[in-house]
Amino acid sequence: MASLFNQFMKTAKINPAIFSKSALVFPTNCNTINRGYKHWNPKFKKLRAQKIIKVELPDPDIMNKSPEELTKEQIKKQMKERGILPSRPWNEKPVYISCTGGIFEPYVPPEGDGKVSAITTQGAKQKLEFIEKKSKSMMAIRKIRSFEEDFDIPEFINEAQQIYINSYSAMINKDRDKLIQNITERAYPEVVSNIADKTIHWEFLESIERPRIVHVRCTDVITKENIFSQITIRFHSKQKLAVYDRFGRLMHGSETLPKDVLEYVVFEKHLSNKYGRWRIHDKVIPDWMPPKEPLKKTYAIEPVPQHDSVEKAVAV
């Protein structure tokens with residue numbers, strides 16, 4: 001070891017007086033000279049390698065170019081290196097179907113409903129027809145219960161009557177936020193158009209007959225898992241209704257005279273939607289029901305200009 005040190009000092013032309021041999025400590029098992037630049041103890045070689053992170057630097061010639069200047073092969077190579085899928089033209093727009101466009105398999109009310117009793121021949125015939133059509137409704141109710149286990153017919157009838165009253169209350173108050181919560185998007189434009197430029201006074205007095213379910217149907221839209229349900233409820237009640245135009249003149253009804261109202265209201269719900277709710281969708285108007293009185297149309301009479309009246313007087 002001493003001979004190697006002396007040889008090193010001669011070849012490097014270093015004055016040996018500046019070194020103290022006692023200060024130089026060489027381990028007995030040192031393999032530094034044989035191993036070159038590597039560490040003398042390879043025990044923690046893997047741990048030392050993990051401290052180094054190899055970073056692939058991007059090609060400056062490609063990075064400085066715009067996407068228009070690159071070739072398709074260069075763009076494809078970059079996307080493959082970064083794990084990016086190629087972009088595809090997406091022309092479709094997301095569409096959410098919250099309600100159906102109408103009544104599927106509408107209910108046909110029997111003629112004379114609300115005026116005949118079960119004792120008469122016509123009333124007994126109506127009861128028999130109702131029993132025959134009841135099987136399809138029961139199958140539809142079973143379908144509803146597959147989505148809602150707690151579906152109960154008496155509770156639903158009470159809920160439907162409250163929705164019916166709330167929708168009319170929102171209509172006369174022109175509360176559009178509350179209105180859309182009780183009627184579907186299909187019925188909303190029609191209702192808003194009918195209440196425009198009008199003042200409505202409405203009051204629900206009592207039910208002449210308890211509301212009952214007369215028709216239940218379920219259908220799928222686009223896919224078999226997207227299920228909608230419609231329930232038709234018969235309301236026979238006593239109400240007051242008065243409609244005034246924008247000038248405050250009476251167009252229809254009376255605020256003091258109550259009338260018997262027979263309506264077949266269709267409620268719809270998106271069963272596949274977890275947050276779906278029952279709302280008024282439409283009304284069934286039978287052909288035998290007498291038509292309602294048309295609303296009186298009112299107009300604003302514009303005053304005739306004076307010069308026109310003077311010209312007519314001179315011509316006479």
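Which residues line the largest cavity? I will start there. This is a predicted model, and the residues around the largest cavity are I103, F104, E105, H215, R217, Q230, T232 and V266. Two elements give two or more residues to that lining, namely β1 (199–220) and β2 (227–244). Sorted by class, the lining has 3 nonpolar, 3 polar and 2 charged residues. The space inside is about 30 Å³, and the count of cavities of 30 Å³ or more is 1.

Next, the largest pocket. Its volume is about 1800 Å³. There are 48 residues in its lining, and those closest to the centre of the pocket are Y168, L241, E263, K283 and K292. As for secondary structure, the elements giving two or more residues to the lining are α8 (153–173), α10 (188–195), β1, β2, β3 (250–270) and β4 (279–284). Which element gives the most? That is β3, with 11 residues. The lining of this pocket divides into 26 nonpolar, 13 charged and 9 polar residues. To link the two sites, β1 and β2 each give two or more residues to the lining of the largest cavity, and both are also listed for the largest pocket.

Now helix α5, residues 72–82. Is this helix largely buried or largely in the open? Of its 11 residues, the number buried is 1, so α5 lies largely in the open. Just after α5 comes G83, which has a positive phi of about 70°.

On cysteines, I can be brief. The number of disulfides in the structure is 0. C99 has a relative accessible area of 14%, below the 20% cut-off, and therefore counts as buried. C218 is at 26% relative accessibility, so C218 is classed as partly exposed.

Last, confidence. The average pLDDT for the protein is 80, and 75% of the residues score at least 70. Where does pLDDT stay under 50? One such stretch is residues 20–26, for which the model has 3 contacts beyond four places in sequence. Where pLDDT is low, the predicted coordinates should not be read in detail.

To recap the pocket for anyone setting up a calculation: the volume is about 1800 Å³, and Y168, L241, E263, K283 and K292 are the lining residues closest to its centre.

Notes. Residues are numbered from 1 along each chain as its sequence is written. This is a predicted model: local features need pLDDT of at least 70, side-chain atom pairs count only at pLDDT 80 or more; totals for chains, interfaces and linings use all residues. Side-chain values use heavy atoms; hydrogens and water are left out. On a 1 Å grid over the protein atoms alone, a cavity is a set of points where a 1.4 Å probe fits but cannot get out, and a pocket is an open set with protein on both sides within 12 Å along at least five of seven lines; lining residues have an atom within 4 Å of a point. Grid points are joined across faces, edges and corners, and a volume is the space filled by probe spheres set on the points. Helices (H or I, at least four residues) and strands (E, at least two) are DSSP runs, numbered from the N terminus. Ala, Val, Leu, Ile, Met, Phe, Trp, Tyr, Cys and Pro count as nonpolar, Asp, Glu, Lys and Arg as charged, and the others, Gly among them, as polar. Buried means under 20% relative accessible area, exposed over 50%, partly exposed in between (1.4 Å probe, protein chains only). A disulfide is a pair of cysteine sulfur atoms within 2.5 Å. pLDDT is the predictor's confidence in each residue, from 0 to 100. Contact means heavy atoms within 4.5 Å.
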